[in-house]
Amino acid sequence: MRLTGTIKDISMGFLDGECKLTLAVNEKNDLKLAYDELSQCELLDIELKKHRKKRSLNANAYLWVLCGKLADKIGVDKESVYRQHILNANVYRVAEINESAADTLIKGWQMNGVGWIAERVDKSNKDGFVIVNLYYGSSTYNTRQMSRLLDSVIEDCRDQGIQTMTPDEIAKLKSLWKAES
């Protein structure tokens, strides 16, 4: 069950030392049903994190439309255009891993999706180890990162003479993600 809400109180039982967290939830419709189902569980996995507005699917869809137009213009597939822009966005982490495990890591990482790119970049200073850059797909991007990615694709489209939305229309798409930046 996923809910949004706020923390209202935290208390510590004087006699039993039990810590209690009180939440005010926004979605009330299925709360009773969920309570009935979960209240008897001996242990629950609980995760609380700051709410972030999800990226607009329209903006993501527009990114793919532009990747398709750019791909048609330059004679490659849209996934190649997307992956090149993911590399250019530089949203990645560096992993130092035993050379014998590198291929398994790369294959596993790339199974996350089209934009999840892994590449060996160098040998490590540690004997038998290599450095692998692990690029994240745009599904993990925050607003600022996604905005830069979209701007990059738009710039390439304009360089190729491909018509894009107006700056105002693009700003409107991006405004849907501003709460996350």
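**Aromatics.** I started with the aromatic cluster, which is made up of Trp 109, Trp 116 and Tyr 136. My pairing rule takes rings of Phe, Tyr and Trp (its six-membered ring) with centres within 6.5 Å; planes under 30 degrees apart count as stacked, over 60 as edge-to-face and the rest as tilted. That rule gives five aromatic pairs. I looked at one of them, Tyr 92 with Tyr 135: a tilted pair, 4.9 Å centre to centre with 35° between the planes. Tyr 92 belongs to strand β3 (residues 92-98) and Tyr 135 to strand β5 (residues 129-135), so the pair ties together parts 43 residues apart in sequence. Helices (H or I, at least four residues) and strands (E, at least two) are DSSP runs, numbered from the N terminus.

**Ground rules.** The model is predicted, so I kept to pLDDT of at least 70 for local features and 80 or more for side-chain atom pairs, while totals for chains, interfaces and linings use all residues. Numbering runs from 1 along each chain as its sequence is written, and side-chain values use heavy atoms, with hydrogens and water left out.

**Exposure of the pair.** Buried or exposed, what is Tyr 135? Tyr 135 is buried, at 6% relative accessible area, and Tyr 92 is partly exposed at 36%. (Buried is under 20% relative accessible area, exposed over 50%, partly exposed in between, with a 1.4 Å probe and protein chains only.)

**Charge over a ring.** I found the charged end of Lys 126 over the ring of Phe 129, 5.1 Å from the ring centre. The test wants NZ of Lys or CZ of Arg within 6 Å of the ring centre and within 35 degrees of the ring normal.

**Helix α6.** Which residues of α6 (residues 167-175) are buried? I got Ile 170, Leu 173 and Lys 174. They span an arc of only 95° around the axis, which puts them on the same side of α6; the arc is taken from the directions from the helix axis to the C-beta atoms. Exposed Asp 168 and Lys 172 are on the face turned away from that buried side.

Asn 90 is in the loop between α3 (78-89) and β3. Most residues other than glycine have a negative phi.

**Lys 50.** I placed Lys 50 in the loop between α1 (31-38) and α2 (57-74). Lys 50 is exposed, with 65% relative accessible area.
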